[in-house]
Amino acid sequence: MDFPSTQFVPSRTMGTYEPIHQIGMWGENFKSIGNANISASVIVDVANKLENESETTSHEMLTPSSKHDQEASKPFDKVQRRLAQNREAARKSRLRKKAYVQQLENSRLKLIQLEQELEHARQQGPYVGGGLEAGLLGISRAVNSGIAAFEMKYERWMEEQNKNMCELRSALNAQISDIELRILVESGMSHYFELFRLKSIVAKADVFYVMSGTWKTSAERFFSWIGGFRPSELLKVLVPQIDPLTDQQIFEVCNLKQSCQQAEDALSQGMEKLQETVSATLASGQMGQGTYVPQVAMAMEKLEALVCFVNQADHLRQETLQQMSYILTTRQSARGLLALGEYTQRLQALSTLWANRPREPA
Amino acid sequence: MQQAIPYKSWPLPCVNASSRPASSTAVPPRTGKSNGGKDVLEIVSENAVIVFSREGCCMSHVVRRLLLALGVNPAVCEIDEKDEAGVLSELGMMSREKGKTVQFPAVFIGGRMFGGLDKVMATHISGELVPVLKDAGALWL
């Protein structure tokens, strides 16, 4: 039978060595984040109490022969030394505890910040990133309210849009006069222009929100170009729906398609240049030291051009729609608007279908 | 305080790309103001198409790419931040619509103020841009 030898250490010796052992343990626990709640004073009290006990037991520790002779000096020195050691240990323990508490406080702050960031990101979708340096709370509230306002307005816009589509559909089938149809067409176009205006406002609050197309369905986002539909794509979809066109109209529509393409290319190239500029700014200076506030601040300035791009893209969409309405007759414009509306609805239906598709069992 | 305009316009040491068919003498970049640089008036009258912009501005890049796609090689004048206010006010005075504030990028066609990126895009879509460029002699064909 083999037992570890410590088990047979007599209790009185255990009593002697315990105080130091216990305080040493505090250091171990501290590292492993264990018993953190013992206050320094308690440690000292315990140390003192055990010291008092050990004082008596130390007497018994000594060999009987030398006990009476050296009682005055040796035990006294040893006691003093032990007291000093314990005081030292207690002091170190207090310092360690202080450092530990500081560490806890920092972690707690970091956790709160991360939670806020998470909440912020959750509310706004996957593409928005908060800037810790930018005073997180203040700016996110303003951004959030701008975005919340836009989402509400967009919901109403969609309802109105569907209403317009229904009216247009029944008007075309009912063969109403061109003048009345013209009013519906104008109202339909104005409705799109209203959306561009709303987008411009929310772009000032958070341009990344507009760029990501978070408010739209997934299929619509797939076709997104600088925060909306691509004018040339639009023309490709619409034109077959508004046949027959006169030769003159075909010529003009062809020119419009080409102009759109050129304008889009120019904007796309500008966007590439912006990416290059922001990337170069962000990557400037030495990397690896963990300090980068100036680079990030400069990159922020450059990013403001993104708002211009969103506005220019919407401006292009508006001009394209406007030009189409000049080239086409009222009836053709009405059919075009209807086609555009339904194409969007098909995209939205695609998104819903996709989201609800039966997944294969794992 | 405005610069005196009639006989001395804002001196510009700026980068000048060649613009057909106007002759463009190479401007020594960034030397002295009054000696090496040209004046806004001179530059505008010498070039069929010229774009004034800030340095490294992405929107002026858009304007340039669009004009290039049309077959026009526009002259470009990049303005230093310190000259910005002066140049803008001078350009504003040269504009036909006196009340409107000029912004960068500012496009001049045929020696006259044409407009900003908005105007260029709108006229391009409506098909009016190409005739204007042809009239100014910036485009043939």
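In the predicted model, zero salt bridges are counted between chain B and chain A. The contact between the two chains involves 17 residues of chain B and 20 residues of chain A. Together, chain B and chain A bury about 1,600 Å², and 68% of this area is on carbon and sulfur atoms.

Of its 362 residues, 35% count as buried. Among the contacts in chain A with a separation of 6 or more, 77% are accounted for by residues 24 or more positions apart. A:Thr329 is placed in the loop between α12 (305-327) and α13 (330-355) of chain A. With a relative accessible area of 41%, A:Thr329 is partly exposed, because this value falls between the limits of 20% for buried and 50% for exposed residues.

The largest nonpolar core has 81 residues. Residues with the most contacts inside this core come from both chains: A:Ile226, A:Leu267, A:Phe309 and A:Met324 in chain A, and B:Val49, B:Met121 and B:Leu133 in chain B. When residues up to four places away in sequence are not counted, A:Ile226 touches A:Met211, A:Leu267, A:Met271, A:Phe309, A:Val310, A:Ala313 and A:Arg317. A second, separate core has 16 residues, including B:Ile50, B:Leu88, B:Phe104 and B:Phe108. A:Arg317, one of the residues touched by A:Ile226, also takes part in a charge-ring arrangement, its charged end sitting over the ring of A:Phe229 at 5.6 Å from the centre. In chain B, B:Lys119 lies over the face of B:Phe114, at 4.5 Å from the ring centre.

Over all chains, 10 aromatic pairs are counted. In one of these, the rings of A:Tyr154 and A:Trp215 have their centres 6.1 Å apart and their planes at 75 degrees, so the pair is classed as edge-to-face. A:Tyr154 belongs to helix α5 (residues 136-174) of chain A, whereas A:Trp215 lies in the loop between α7 (207-212) and α8 (218-222); the pair therefore ties together parts that are 61 residues apart in sequence. A:Tyr154 is buried, with a relative accessible area of 9%, and A:Trp215 is likewise buried, with a value of 12%.

A further edge-to-face pair is formed by B:Phe52 and B:Phe108, with 5.6 Å from centre to centre and 80 degrees between the planes. This pair links distant parts of chain B, as B:Phe52 is in strand β3 (residues 49-54) and B:Phe108 in strand β5 (residues 106-109), 56 residues apart. Both B:Phe52 and B:Phe108 are buried, and B:Phe108 is also one of the residues of the second core. In chain A, the residues A:Tyr154 and A:Trp215 are part of one aromatic cluster, which also contains A:Phe150, A:Trp157, A:Tyr192 and A:Tyr209.

Methods: Residues are numbered from 1 along each chain as its sequence is written. Chains are lettered from A and ligands numbered from 1 in the order in which they are written. This is a predicted model: local features need pLDDT of at least 70, side-chain atom pairs count only at pLDDT 80 or more; totals for chains, interfaces and linings use all residues. Side-chain values use heavy atoms; hydrogens and water are left out. A nonpolar core is a set of buried Ala, Val, Leu, Ile, Met, Phe, Trp, Tyr and Cys residues joined through side-chain atoms within 4.5 Å. Buried means under 20% relative accessible area, exposed over 50%, partly exposed in between (1.4 Å probe, protein chains only). Contact means heavy atoms within 4.5 Å. Helices (H or I, at least four residues) and strands (E, at least two) are DSSP runs, numbered from the N terminus. Rings of Phe, Tyr and Trp (its six-membered ring) pair if their centres lie within 6.5 Å; planes under 30 degrees apart count as stacked, over 60 as edge-to-face and the rest as tilted. A charge sits over a ring if NZ of Lys or CZ of Arg is within 6 Å of the ring centre and within 35 degrees of the ring normal. Buried area is the accessible area (1.4 Å probe) that two parts lose on being put together, summed over both. A salt bridge is a side-chain nitrogen of Lys or Arg within 4 Å of a carboxyl oxygen of Asp or Glu.
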